[in-house]
There are 2 protein chains.
Amino acid sequence: MQNPNEKTYSITELSKEFEITPRSIRHYEQESLISPKRVGSQRVYTKGDRVRLQLILRGKRIGFSLAEIREIITMYDSPSGEKKQTELLLDKIEQRRQALKQQQQDILTTLKELTELEQRLK
Amino acid sequence: MQNPNEKTYSITELSKEFEITPRSIRHYEQESLISPKRVGSQRVYTKGDRVRLQLILRGKRIGFSLAEIREIITMYDSPSGEKKQTELLLDKIEQRRQALKQQQQDILTTLKELTELEQRLK
DNA sequence: AATCTAATTTACGTTAACGTAAAGGTAATC
DNA sequence: GATTACCTTTACGTTAACGTAAATTAGATT
């Protein structure tokens, strides 16, 4: 049940909250990463849209391209359909998982090196 | 003590080992991320250069820009000099550490979401 | 001597992710 | 009714990180 009285946000509200420019948000929309409603010509963002924006920004922080983020979002949105399709999705998920595990390792290594460096500086 | 008989590598050797193009390696050199020796006009990479290349690639995997990687490398290379300089370095290290911790969190969140999604697909 | 093979430099091209005007619409406020 | 605030679209500009092609060099092989 979607509450029609649910709180909504304007583009500048969101841009301020997440410290990005409206231009970026519009860009994400152009890239089909988010699809706000319109009231007249103005974009209106629901809580769901806000969550999606957070997801986008989280993706960016771990170095995903917008194309990769779109892929992930598409996975979320895909209706549990064909068996063949599902297989493909599971494959992609596994690939992502591997990349993320690698990243975890890389981060751990880098953190250690930073600590070493810090010691050396004292 | 640097062993002058130490094993060295050509640019294509390294490019094959790490599955990148020679162009990329030359580009990193242009950006002052690596400085191989020359024998005649040809680049010759020592083991140390190889390690540095690995560091670069690791940085890339966690989403660092070449500029950020250069900053980190510079920190490594900086001789423990002025007290003021050292303070600045320690600051930068701390900043990096914070960003990396954030990334760890983001990755954990993403991994969880992937798992949820996987469950949903079954 | 000619032909590979692997390297070099120079330089223009490409893609992603926005930045940055410019020109205009609408609704509230002075 | 004019200004202000906030939004819109269109479109060209910018930066990073290489890709790609052209012209050249130098050593090894046929």
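Through which surface do the copies meet, chain A and chain B? In this predicted model, 100% of the interface residues of chain B are also interface residues in chain A, so the copies meet through the same surface.

The symmetry of the pair was examined next. Chain B is superposed on chain A by a rotation of 180° with 0.0 Å of shift along its axis. The RMSD of this superposition is 0.0 Å. The two copies are thus related as by a two-fold rotation axis. In chain B, G63(B) has the C-alpha nearest the axis, at 2.2 Å from it.

Helix α5 of each chain spans residues 83–120. The axes of α5(A) and α5(B) come within 10 Å and cross at roughly 160°. Angles over 145 degrees count as roughly antiparallel, and α5(A) and α5(B) are therefore roughly antiparallel to each other. The crossing of α5(A) past α5(B) is left-handed. By class, 14 nonpolar, six polar and six charged residues make up the contact of α5(A) with α5(B).

The most comes from α2(A), with three residues. In all, 15 residues lie around DNA strand C. Those that come nearest are S65(A) and L66(A) from chain A, and S10(B), T12(B) and R43(B) from chain B. By class, this surface has eight polar, four nonpolar and three charged residues.

Notes. Residues numbered from 1 in each chain as written. Chains lettered and ligands numbered in written order. Predicted model: local features only at pLDDT ≥ 70, side-chain atom pairs only at ≥ 80, totals over all residues. Least-squares fit on C-alpha atoms with pLDDT ≥ 70 in both. Contact = placed C-beta atoms within 7 Å. Near = placed C-beta within 6 Å. Helix = DSSP H or I, 4+ residues; strand = E, 2+ residues; numbered from the N terminus. Nonpolar A, V, L, I, M, F, W, Y, C, P; charged D, E, K, R; others polar. Axes fitted to C-alpha atoms, helices over the stretch in contact; angles between N-to-C directions. Parallel < 35°, antiparallel > 145°, perpendicular 65-115°, else oblique. Left-handed = near helix turned anticlockwise from the far one by under 90°.
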